[in-house]
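Student: Could we go through this chain together, from its overall dimensions down to single residues?

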Amino acid sequence: MKIAGIAGNRGRNLLHIADISPGGAELSIVVANGEDAPVLDDAAARGVPTVAVERGDDESRESHEARLLDALAEYEFDVVCLDGFMRVLSPEFLDSVDTVLNIHPSLLPAFPGADAHAQVLDANVRTTGATVHVATEAVDDGPIVTQETVPVFEDDDEASLKERVLHEAEFEAYPRAIRWFAEGAVEIERDDQGRPVGVDLATDVRGDLPARRSVSNRRENDLRYGENPHQDAAVYASDASEEPSVVHAHQLNEGAKALSYNNYNDADGALNLIKEFEAPAAAVIKHTNPAGCATAETLADAYRDALATDAKSAFGGIVALNRECDAETATEIVDSFKEVVVAPGYTDDALDVLTEKDNLRVLDVGDRTEDNTLGPADRTERFTEKALVGGRLVQERDRSTITREDMAVVTEREPTDEQLESMLFAWKVLKHVKSNGILIADGTETVGVGMGQVSRVDAVELAAMKAEKDAEGKSAEGAVVASDAFFPFPDAVEAAAEAGVEAVIQPGGSVNDDDVIEAADELGLTMVLTGQRAFRHD
């Protein structure tokens, strides 16, 4: 798609469009209404043809617009984009051009006209933005194509607000609108006289992922620092979220220091993990990875089994529980140093024990649960996202749960009921281990975890080493090993068997599946395939 740009002065939106070419659109000409407009030199430096069509002192609007049209006629274009032109175009001009878009620095229909930023500040509103609309004969009127919002801060003046709206709203909204036009996703609805009266958007939507995602959160707290002391940080909250979360948790240990960036990150990971289970569950998280996890008949037993996986690594970790914390569990927790405990409620006796530790942060998420328990039904947030430089990744949250019916036995040896139960447990925990991830489990407790390795064999060997060196009263002997992705070669399975593992759960899907299965048979292992992967990369 080719664009003819008409600018009043600096034309920064047009230059931004030239720089990023949204949807492959290109500027074929930039016209300015003054020979000294900075946009002319800046556009020419980008290889864009330019021309100045200055209005004479006594020249009529119609005459000037006729000369603008003459200048445009020398170039091919599909859409005319205005940028700071600050003039209402005549019906004759609009009838001569198929589509004219304009960008206005407010959320129309509020605050039209030349002094939008002053109007916003005078009105004391807390949100403004930019609007891309189809130009008509009226001032800042016409069907709206898209809008982008930005906050208005208490100390804003017109200059600071203008820069924020330009860079955070206009630079988002105008390219978006042009991309939609370039991709044929916009249809302008017109009346009998051909005047634009509406916009029909047919932007692509994949499942529930929207073509445009806008997130507005309030700053909940400033943090002491980010991941490292030289980084500033804050935590933002969404009031629309109803899921139990560490962001909305109440800190019950008065006087304890506030949560850090890393505390929030680890506590969130721990809480997400224990929501996988219906039975009483406990997890200890260190650097967003499970140091141990278990389910049991009682919460205290689950915690003891989780801690015994790797008590050394659990030092200074985060504990998450999916039941109300009782005094027995609390006593076990304070027996070694922990940073944070997260649970859906605490008994009075448990609080008495936990608050004896001055800086143990005690987080209560119980006000967002029905009966002071957590489970799969509490995973209501649908999307997760990760910020990137220049954008963000958004995906559906992994709320999948496999059943026995989902597991295909591919070896000669059949798994026992106990092994199948352990496989299901291991798979739920493995979803929360950084890739490449390997997890060894016995019953419904972890034995060894190998996380974040670039080699799957290394991940197996790490899990086996942790099971041998750091697990208390546990062993990989006779246990189950779970892999978050397929085994590309038999070597990792052989390493697991050497550690004493007797059962394997993995996705399958490698071109070498037959070789891996054959190796499992030769080693006397039982193996099931899930048909789905469980990667976690961050």
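Tutor: Let us begin with a term: contact means heavy atoms within 4.5 Å. This is a predicted model, in which local features need pLDDT of at least 70 and side-chain atom pairs count only at pLDDT 80 or more, while totals for chains, interfaces and linings use all residues. Residues are numbered from 1 along each chain as its sequence is written, and side-chain values use heavy atoms, with hydrogens and water left out.

Student: Among the contacts with a separation of 6 or more, what percentage comes from residues 24 or more positions apart?

Tutor: Taking the contacts in the chain with a separation of 6 or more as the reference set, one asks which share joins residues 24 or more positions apart. That share is 55%.

Student: Is N263 buried or exposed?

Tutor: Buried means under 20% relative accessible area, exposed over 50%, and partly exposed in between, with a 1.4 Å probe and protein chains only. N263 is found in helix 7 (residues 261–274), where helices are DSSP runs of H or I with at least four residues and strands are runs of E with at least two, numbered from the N terminus. Because its relative accessibility is 7%, N263 counts as buried.

Student: Which residues does N263 contact, leaving aside its neighbours within four places in sequence?

Tutor: With those neighbours within four places set aside, the partners that remain for N263 can be listed by name. They are A258, I318, E339, V340 and R361.

Student: Why is the pair of F315 and F337 classed as it is?

Tutor: Rings of Phe, Tyr and Trp (its six-membered ring) pair if their centres lie within 6.5 Å, with planes under 30 degrees apart counted as stacked, over 60 as edge-to-face and the rest as tilted. The centres of F315 and F337 are 5.2 Å apart and their planes stand at 55°, so the pair is tilted.

Student: Which residues of helix 1 are buried, and which elements do they pack against?

Tutor: In helix 1 (residues 12–20), the buried residues are N13, L14, L15, H16 and I17. These buried residues pack against strand 1 (2–7), strand 2 (26–32), helix 2 (38–45), strand 4 (79–83), strand 5 (100–104) and helix 6 (158–182).
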